[in-house]
Amino acid sequence: MERKVVMEAGQSADAGLDTPASSEESLRARLARGELPRHVAIIMDGNGRWAESRGLPRIAGHRAGIASAKEIVELCRELGVQVLTMFAFSSENWQRPTHEVRELMHLLEQYLKQELPTMIRHEIRFRAIGRTGILPASVRRWITRVETETAEYKQMTLNLALNYGGRAEIVDAVSALCTDLLAGRLSLPQLTEPMLAQYLSTGGLPDPDLIIRTSGEYRISNFLLWQAAYAELYFTKTLWPDFHRRELLLALIDYQRRERRFGRVQKPAGRSWL
Ligand code: IPE
Ligand code: IPE
Ligand code: MG
């Protein structure tokens, strides 16, 4: 049967799942029957439109978006997702009005401050990915503090992509790799795909199995370009501040219906990771 690459929540074969009557419990029971993605990555988009549609300033949308992010982090941890990567600020987002960027940085700092105890309680290891060196000093201090205080946790890794761009990440990886080559720490025959992947900010972590983008935009926007090679893509029209536990459960159930072939004729036996 031919499968659609792009599916909206509720438009798929099991559309009956996305009804008001399908409680969180019934969705969780359905999810428990299949495999979870090891790594979920999310492009959290639509905060501005959410606010504008309510006659509110865009920053109100970002504030509401933080509430969704907290909910989704906690649900992923509860379910046992090993790695969650969330796109919070792209290398292109500096092109927004100065006041929006300033407010986003302020919200980010507040988020880190408020969520440190939650991460400690749930044993979540936090990491910022992206060129964080140019973020405001107060944000950098909080990143260092949260990364340091959660460094030993093993239950889940939360990557927050900040001033992140996929192409810049590949350039940085190649640059670090060339430095090692020139210094003789590495020789050319050792250069393989897994070797290059080790130099990325996600080195040591599995590639994302599922990438979710909210707000009805069907693009990747420079997110995890290398790592997305075999990710399943899930697009929903739901705006990020409206993306709650049910929406994530629907996305995960949709993922479980995909057949991941990795170039083969049939799904490989056992767990189908590359
Ligand atoms: C995503 O929401 C948050 C960031 C990119 C920081 P947007 O702010 O892009 O919201 P829309 O796309 O304008 O609705
Ligand atoms: C992508 O959203 C970046 C984040 C979610 C942080 P954008 O809203 O910046 O993406 P484009 O500009 O619509 O591609
Ligand atoms: Mg957007």
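Let's start with a helix pair: H4 and helix H5 (residues 137–150) pack with their axes 9 Å apart, at an angle of about 15 degrees. That makes H4 roughly parallel to H5, a label for angles under 35 degrees, while over 145 counts as roughly antiparallel, 65 to 115 as roughly perpendicular and the rest as oblique. The axes are lines fitted to C-alpha atoms, for helices over the stretch in contact, and the angles run from 0 to 180 degrees between N-to-C directions. Helices (H or I, at least four residues) and strands (E, at least two) are DSSP runs, numbered from the N terminus.

Before going on, keep in mind that this is a predicted model, where local features need pLDDT of at least 70 and side-chain atom pairs count only at pLDDT 80 or more, while totals for chains, interfaces and linings use all residues. Residues are numbered from 1 along each chain as its sequence is written, chains are lettered from A and ligands numbered from 1 in the order in which they are written, and side-chain values use heavy atoms, with hydrogens and water left out.

Back to the pair: H4 passes H5 in a left-handed crossing (the near helix is turned anticlockwise from the far one by less than a right angle; clockwise would be right-handed). On the H4 side, the residues in contact (heavy atoms within 4.5 Å) include Met105, Leu108 and Leu112, and they meet H5 residues including Val139, Trp142 and Ile143. By class, this contact of H4 with H5 has 10 nonpolar, two polar and four charged residues. Here Ala, Val, Leu, Ile, Met, Phe, Trp, Tyr, Cys and Pro count as nonpolar, Asp, Glu, Lys and Arg as charged, and the others, Gly among them, as polar.

Now over to H8. The axes of helix H1 (residues 24–31) and helix H8 (residues 245–256) come within 10 Å and cross at roughly 25 degrees. That makes H1 roughly parallel to H8, and their crossing is left-handed. Among the residues making the contact are Leu27 and Leu31 of H1 and Leu249, Leu252 and Ile253 of H8. This set divides into six nonpolar, one polar and five charged.

Glu71, Ile72, Leu75, Cys76, Glu78 and Leu79 of H3 touch Arg245, Leu248, Leu249 and Leu252 of H8. Those residues split into seven nonpolar, no polar and three charged.

Grid points are joined across faces, edges and corners, and a volume is the space filled by probe spheres set on the points.

The largest pocket holds about 760 Å³ of space. Its lining has 32 residues, with Met44, Phe87, Ala88, Phe89 and Asn93 nearest the centre. Elements that each supply at least two lining residues include helix H3 (58–79), strand S2 (83–90) and helix H4 (98–121).

The whole structure has two cavities of 30 Å³ or more. About 50 Å³ lies in the second largest cavity, where H4 gives the most to the lining, with four residues.

Key. On a 1 Å grid over the protein atoms alone, a cavity is a set of points where a 1.4 Å probe fits but cannot get out, and a pocket is an open set with protein on both sides within 12 Å along at least five of seven lines; lining residues have an atom within 4 Å of a point.
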